[in-house]
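Hello,

Here is the structure I promised to pass on. Please look it over first; my notes follow below.

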Amino acid sequence: MEWTAWFDAHDYEIARQILQRGVGALAFVAFLSTLNQFRPLLGEHGLLPVPELLRRASRLRGPSVFRWGYTDRRLVAVAVVGLVLAASVVAGLPQLGPPWLPLLVFLALWILYLSIVNVGQTFYGFGWEMLLCEALFTVAFLGSNDQPPPITIIVAVWWLVFRLEFGAGMIKIRGGREWRDLTALMYHHETQPMPNPFSRQAHLLPAWFHRGEVLGNHFAQLVVPFLLFVPGPVGSAAAAIVILTQLWLIVTGNFAWLNWITVVLAASAVTDTAWHWLIPAIQSDPGTDAAATPIWWAAVVLAASALLVVLSFWPIRNLLSRRQLMNASFNRWMLVNAYGAFGTVTKRRIEIVVEGTLAERPDGSPDVEWREYAFKGKPGALRRIPRQWAPYHLRLDWLMWFLPLGRMWEPWFEVFLLRLLEADAPTLALLDTDPFDGAAPRWIRARAYHYRFTTRAEFRRTGDRWVRTLEGEVVPPSGLG
């Protein structure tokens, strides 16, 4: 009907396609990561078993299909269903039906992944977990190809990007001095949780470039997000700036799907007209031939939009607070959350190196051979080029980065060492290399090393990409006896 014309965002059809398929693709990655890693980390015999959590927890932090009991088989079923539903969205199948069909698919993905996060404990305690949950719920109301995308949901996605970017910017300004004196990125590329193949090259760039990086970051996170709400070319340009800054982060680091989903969400502000200007082969207004929006669907979308508006009170108050929370959810459904990252930057990189030996006694004799366990993502061998893993999430490697930051005695780490002494096959599968080829070591120890990137001269001389210096032993030789 003509009076609902304001509701239809005809110039954002491409944005809808990117949002639905992009969020669906990242949900696929998230469920795949869960299928591959959840059982050795959190399964029945995992490092932090979910059945134990369910026995001792009076209530979970949010809804979960595992509330009524967890088994590894149920986890596999949930992950496989999530993979199938996410793949169908990427292929665009639900979008070919009526608007309630993609709605149900995305809401199912939201509930399934929310169920995993709410029992995932510290292994799922990252900001991008709640970000994916919120994105799945929000894009569920974008409808199908039969009608134009609703403008209220497009604006809701802009609001999500605003909280994501502006929240991160405010965390930095209120955080460490290094963000205010423009030195943060002189350290960050080297000390970030999981470097990638280009992190060393980025770290070796001159100081003036790193200061420019920080200034560009402040502009992209503190100024540009406000421009997303200006329709037309201004909003499209603002989205382009956000996307470009996120692509630089993708090129220089591994942050799971955080940067990737920000790119997808920011594309919501790019109009079809802007896409046509950039790529003339793209139709400038593909949504004008869509059917009128049904009244019942408009009512559903407006109800969901009103819910998001009401829930926005708490993150707005948090943004204005001097004690701003980072990556916090204010409700059990992980909707309209507060985001932010790296309020302070670590100046020195400390790595925990785990070693084992087959010797009968680890008495310090030079004959004792200690062999190092190699992880898939975190630094280890000095010559190894860090791999690109993102948007895939290596949860064990990420938590290893947190250990020397005051979290050395996490319960899961003690169990992890025990599993290595037992030569537990599922745990060893989380690693890149088992130095004992499936055999059980007699002793395990953990040592702390200071890691830094080699200079160009050091690399030419040695071929190493890292220099490491022993800081001390954090777990003395320990055996099953």
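**Overall build**

Of the 481 residues in the chain, 55% are buried. Bear in mind that this is a predicted model. The secondary structure amounts to 20 helices and four strands.

The chain has a radius of gyration of 24 Å. A compact globule of 481 residues would come near 23 Å, so the two agree. The C-alpha trace spans about 85 × 55 × 45 Å along its principal axes.

Strand 3 covers residues 443–453. Nine of its eleven residues are buried, so I would call the strand mostly covered, given that buried means under 20% relative accessible area. Strand 3 pairs with strand 4 over nine bridges, in the antiparallel sense. Strand 1 and strand 3 also pair antiparallel, over nine bridges.

- Ile350 stands opposite His450 in strand 3.
- Tyr449 faces Leu470 in strand 4.
- Ala446 has Val475 of strand 4 as its bridge partner.

**Helix 18**

Which residues of helix 18 are buried? The helix runs over residues 411–421, and the buried ones are Trp412, Phe413, Phe416, Leu417, Arg419, Leu420 and Leu421. Note that Arg419 is on that list.

As a reminder, an α-helix has 3.6 residues a turn, so residues three or four places apart point the same way.

What do the buried residues of helix 18 pack against? Their partners in the sheet are strand 1 (349–357), strand 3 and strand 4. They also pack against helix 17 (395–402) and helix 19 (425–428). Just after helix 18, Ala423 takes a positive phi of about 55°.

**The loop between strand 2 and helix 17**

Two residues in this loop deserve a look. One is Pro391, which lies between strand 2 and helix 17. A cis peptide bond joins Ala390 to Pro391, with omega about 10°.

The other is His393, in the loop between strand 2 and helix 17. Is His393 buried or exposed? His393 has a relative accessible area of 0%, so it counts as buried. Leaving out residues up to four places away in sequence, His393 touches Ser33, Gln37, Phe126, Trp128, Glu129, Ala256, Trp257 and Trp398.

**Backbone points to check**

Most residues other than glycine have a negative phi, and most peptide bonds are trans. Here are two further residues with positive phi.

Leu182 has phi near 70°. Leu182 sits in the loop between helix 7 (177–180) and helix 8 (188–191). Its relative accessible area is 19%, so Leu182 counts as buried. The cut-off for buried is under 20%.

Asp437 has phi near 50°. Asp437 belongs to the loop between helix 19 and strand 3. At 75% relative accessibility, Asp437 is exposed.

**Ile173**

Ile173 is in helix 6 (residues 151–174). With a relative accessible area of 30%, Ile173 is partly exposed. Beyond its neighbours within four places in sequence, Ile173 is in contact with Arg180, His218 and Leu222. Ile173 and Gln201 are 28 residues apart in sequence. In space they are 26 Å apart, C-alpha to C-alpha.

**Where to start**

I would open the model at strand 3, which pairs with strand 4 over nine bridges. Then go to helix 18, whose buried residues pack against strand 3 and strand 4, among others. Finish at the cis bond between Ala390 and Pro391.

Best wishes

How values were computed: Residues numbered from 1 in each chain as written. Predicted model: local features only at pLDDT ≥ 70, side-chain atom pairs only at ≥ 80, totals over all residues. Heavy atoms only, no water. Rg over C-alpha atoms; globule rule 2.2 N^0.38 Å. Buried < 20%, exposed > 50% of the residue type's maximum accessible area, 1.4 Å probe, protein only. Pairing = 2+ DSSP bridges. Contact = heavy atoms within 4.5 Å.
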